Amino acid sequence: MLASVNQLLQIVAIGVLSIFRPPYRWKNYLREISFVGSESFLVVIICVSFAAIVTIIEASYHMTLVVQSDAMVPGFASLLIIRELGSVITALLIGSRVGAGWAAEVASMKISEQIDALKLLRIDPIKYLVSPKIVGSVLGTLLLGLAANIICLICAMFVTKLKLGYPMPTFISMTKLFVEVQDLVFASLKLMTFGFVVPIIACFYGFRAKSGAEGVGSATTQAVVSISVAIIFLDFVLSYVFSHFY
Amino acid sequence: MQILRSFVDDLGLYFLFLKEVFSTFCKSPPEKKYIYSQVLKVFQSSLLTTSFSGFFVGAIMTIQFAMQIKMFGASGYLGGLSTSGTVREVGPLLIAFLLSGKVGAYTSAELGSMKVSEQIDAIRCLGANPIQEIILPRFIGIILASFFLLVYGILFAFYGGVLMSYIFADVNTLEYVRHVPTIMTGISLFSGVFKSIVFAFAIASLCTFYGYKASGGAKAVGKAVVSTSVACMFSIVILDWFTTLIVDVINRWL
């Protein structure tokens, strides 16, 4: 228990600090950003558009039940999308796609003794493997999440037009009325936090992998589970903290 | 184009796999004790995670609804709205995301490493049908266990909502519970249960499919796990939309 906490803290500290220390391997950083972006872009876009449809349908159901009118649906739905769904769904998808990929990569490097080889060459494996992932994941999740939010809102706009019959300018003006700049700042902070957690947990379980094919499998599984739980828990904490600033 | 082609390939293989599983199930169903042991295994491994995440999902939904409802001064409706929203929609979705990581990834890693180390071929060599011996107990066991875990997680989401409404929104428990039956109708409950069944089926079939398909070395196991969790999340979101449409149609018809 104490040893694993120590290892986790070591990964966080060395990973973050050695971003700012030479030698800088810019190519690795760019590769990780493009890995995060390109691997999950299509999946995130499709999932988020479907989530938008469902959000509008559900919001209109509840609003007609309580207030007997669905005039507020555009505002409420866009608020829910920006504050919650856009970021969480993006982060969970990135966690399972990219996080699992990284855990599998690091674990298979570990069991094929490539990490020991890195140590032999006097390259710090945490600096070499974790730092580019942290940078790539924080930036990649932020960009992808903001894009996902925008696409989710656009989809929601079309669905309100088709399903509830409100014209698109109404949706935009309602969104302007409800959503404030704070919401966007908090959404970005949330996305960056999620992006920071993914590579750390993935690499933590990757470094701990035991040998054999089962080792890679179980490292990947544990990484995916811990990332999802951490994202939901952090989402709760951040929502609670941010709710005091409105 | 490459992505589309591999997607269509996988889809075809998936349906062939389902056909094989169902025909084996009709011909010779697996013994009950194997199914029960799988159910027990899944429960043991994911009960804690499910209750934890369910609790926080309920808490998150209550915070979000409370912030929006406060604008209208309708805090009394908080209980009904957040319970209904969680049960109908967000609860099954997020808990199924989590289970797809926990159960799905675990099972596909297990099956993948069995396949890679040629244990499944060994079973075939001994004259037994690997689908009947290995896949079917897991398939049925995961469907049963995930369904009950999802329902259980939604129950915990309710507890999380109650606690959060007391701490955060100053709505006491009695007031919270009083408005649950007025807003959450039978169709909402049906929606939650129906979604749980569909998601459980999606998780079970996808994880066994990708685990059974794995071939190659240790890397293939990792790849199987990654594609399982992605495919699970993707299909859960799409099935979520689909079930919402079905429930909407049923709701209008009633």
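## Terms and model

Helices are taken here as DSSP runs of at least four residues, numbered from the N terminus. The structure described is a predicted model.

## A loop glutamate in chain A

Although A:Glu113 is not a glycine, its phi is positive, at about 60°.

## A loop glutamate in chain B

B:Glu118 is found in the loop between helix H3 (78–116) and helix H4 (119–125) of chain B. This residue, which is not a glycine, has a positive phi of about 60°. B:Glu118 counts as exposed because 11 C-beta neighbours lie inside 10 Å.

## The contact between the chains

Chain A contributes 46 residues to the contact, and chain B contributes 49 residues. On the side of chain A that touches chain B, the elements giving two or more residues are helix H2 (26–66), H3 and helix H8 (213–242) of chain A. The largest share of this side comes from H8(A), with 17 residues.

Sorted by class, the side of chain A that touches chain B comprises 29 nonpolar, 11 polar and six charged residues.

Note on methods. Residues numbered from 1 in each chain as written. Chains lettered and ligands numbered in written order. Predicted model: local features only at pLDDT ≥ 70, side-chain atom pairs only at ≥ 80, totals over all residues. Buried ≥ 20, exposed ≤ 12 C-beta atoms within 10 Å, placed from the backbone. Contact = placed C-beta atoms within 7 Å. Nonpolar A, V, L, I, M, F, W, Y, C, P; charged D, E, K, R; others polar.
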